[in-house]
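Here are a few exercises to work through with the model open in your viewer. Try each task before you read its solution.

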Amino acid sequence: MTRLVDTIEDLKAEQRYDSRGVPTVQITVITKGGAVGISLAPSGASRGTREVSELRDGGVGFSGLAVKKIAKNFAVKFLPKIKGVSIFDQDLLDQILTEPDETAKTWGGNFAIATSQAIAKAAALSLHLPLWQYLRQVFHQHSGLAWLPNHKINLCANVLNGGVHALGGPTFQEFWVVSSQGTMAQQLETIAEFYFALRENFKKNKKLTLVGDEGGLVPLRQTGEETLSYLHKMLREKGLLNKLALGLDLAASEFYTKNCYLVDGKKYSREQYIAYILKLQKSYNLAYLEDPAAEDDLKTWLALSEQLAHKVWLIGDDLFTSQGARLKEGIEADLANAILLKPNQVGSVTGLMKTAALAKKNNYKTIVSHRSGETTDTFIADLAVAINADAVKFGPPCRGERLIKYERLLSIEQELNESTKVEF
Ligand code: PEP
Ligand code: CA
């Protein structure tokens, strides 16, 4: 990739806080040439059981979620392993970072991913390249795919929140509007105007304009079906039905037990649940369904895939947890046709890219996603451009930690338009 030489000189780990006020880790990587990469780890609430684990201090404070003690040990332990290694050897560094050690399974979901991202940022700075451009080189190297042309990314915005992100809301976790027309700046404007109209409508109807963990408004004491019907009506009234598609992240593992699904107070057997989802899809023309079945209920996944895969993006999040091995099983069994990509589920930039490459080679759609506990780090915006993701899920245009990712996406779009003089 490059013949330049720059090596890791220093590493710092410090406790910071995510958008829910939960402790998280900030990693700083400094190279011999003076490049400084800083990254913060996000964290999820509706977590797949196969995500790599996060390391936390335990004990009483923050219900055991602090990371201060581990942060102290981390640099002491890891710096000797990576000091002097080329900052451009992301693969080797990620291998070292994700190796299990004697005290824990891995440093995984928080320390390793923040370090891996900080390394990539420092490398890009060292080369005076925009991060997305550096990451595209790394992806190209790992994927063996042809060089990627610039392309447009769909924006999936979960404008209404429920599930574990908004207690008191519907059982389903996220209600999306998805844009695909125009530049990313135009798409964001369409979504922002619709979100604005939703808020005005809540106010007009004297509903509380509370937002959930990801910035979506919370339809209190409303079922999923009532919420979909409301969204559909609003889109129709605004003349947006041909511009914004509807989608859901059901996060179904959260309400599945003993072969049954419990939705908005009603219990469904597997067969009843499948019929219910098919009915919702048809009634509201749902074009995107994330985790419509529980992560281990492969029978329901398969039944839905047989009925819907030709017309709907069937997206595995908890199903795949961004793990290549899990995705491979899903591809072989024909369970879905799209994957959500969350770097902290797999613990390294290289690991995530390998999964993304496998998805692309098998014509799976790729969606780069935030977590419910986010930070002001914009790494995933650059990552989405680097791998030519088909879509991003960064939340609605509300709350700074979500907006800053859209802002980064738009400035990359502007940069690209200026350099090529064509819209992408
Ligand atoms: C999701 O489930 O897709 C999500 C972003 O939420 P969390 O980060 O809580 O997993
Ligand atoms: Ca999800």
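**Exercise 1.** Work out where ligand 1 lies relative to domain 1 and domain 2 of this predicted model.

*Solution.* Start with the shell: ligand 1 is surrounded by Gly-44, Ala-45, Ser-46, Arg-47, Asp-249, Ala-251, Asp-317, Ser-369, His-370, Arg-371 and Ser-372. Next, check these against the domain bounds, 8-129 for domain 1 and 154-420 for domain 2. Both domains give residues to the shell, so ligand 1 lies between them. Sorted by class, the shell has 5 polar, 4 charged and 2 nonpolar residues.

**Exercise 2.** Describe the side of domain 1 that touches domain 2.

*Solution.* First, the spacing: the C-alpha centres of the two domains are 27 Å apart. Then count the contact, which takes 32 residues from domain 1 and 32 residues from domain 2. On the domain 1 side, strand S3 (36-40), helix H2 (90-98) and helix H3 (108-126) each supply at least two residues. H3 gives the largest share, 8 residues. By class, that side splits into 16 polar, 10 nonpolar and 6 charged residues.

**Exercise 3.** How are H9 and H11 oriented to each other: roughly parallel or roughly antiparallel?

*Solution.* Take helix H9 (residues 324-333) and helix H11 (residues 349-361): they pack at about 15°, with axes 9 Å apart. Angles under 35 degrees count as roughly parallel, and H9 and H11 are therefore roughly parallel to each other. The crossing of H9 past H11 is right-handed. Now list who touches: Gly-324, Leu-327 and Lys-328 from H9, with Lys-354, Thr-355, Leu-358 and Ala-359 from H11. That makes 3 nonpolar, 2 polar and 2 charged residues in the contact.

Conventions:
Residues numbered from 1 in each chain as written. Chains lettered and ligands numbered in written order. Predicted model: local features only at pLDDT ≥ 70, side-chain atom pairs only at ≥ 80, totals over all residues. Near = placed C-beta within 6 Å. Nonpolar A, V, L, I, M, F, W, Y, C, P; charged D, E, K, R; others polar. Domains from an automatic or database assignment. Axes fitted to C-alpha atoms, helices over the stretch in contact; angles between N-to-C directions. Helix = DSSP H or I, 4+ residues; strand = E, 2+ residues; numbered from the N terminus. Parallel < 35°, antiparallel > 145°, perpendicular 65-115°, else oblique. Left-handed = near helix turned anticlockwise from the far one by under 90°. Contact = placed C-beta atoms within 7 Å.
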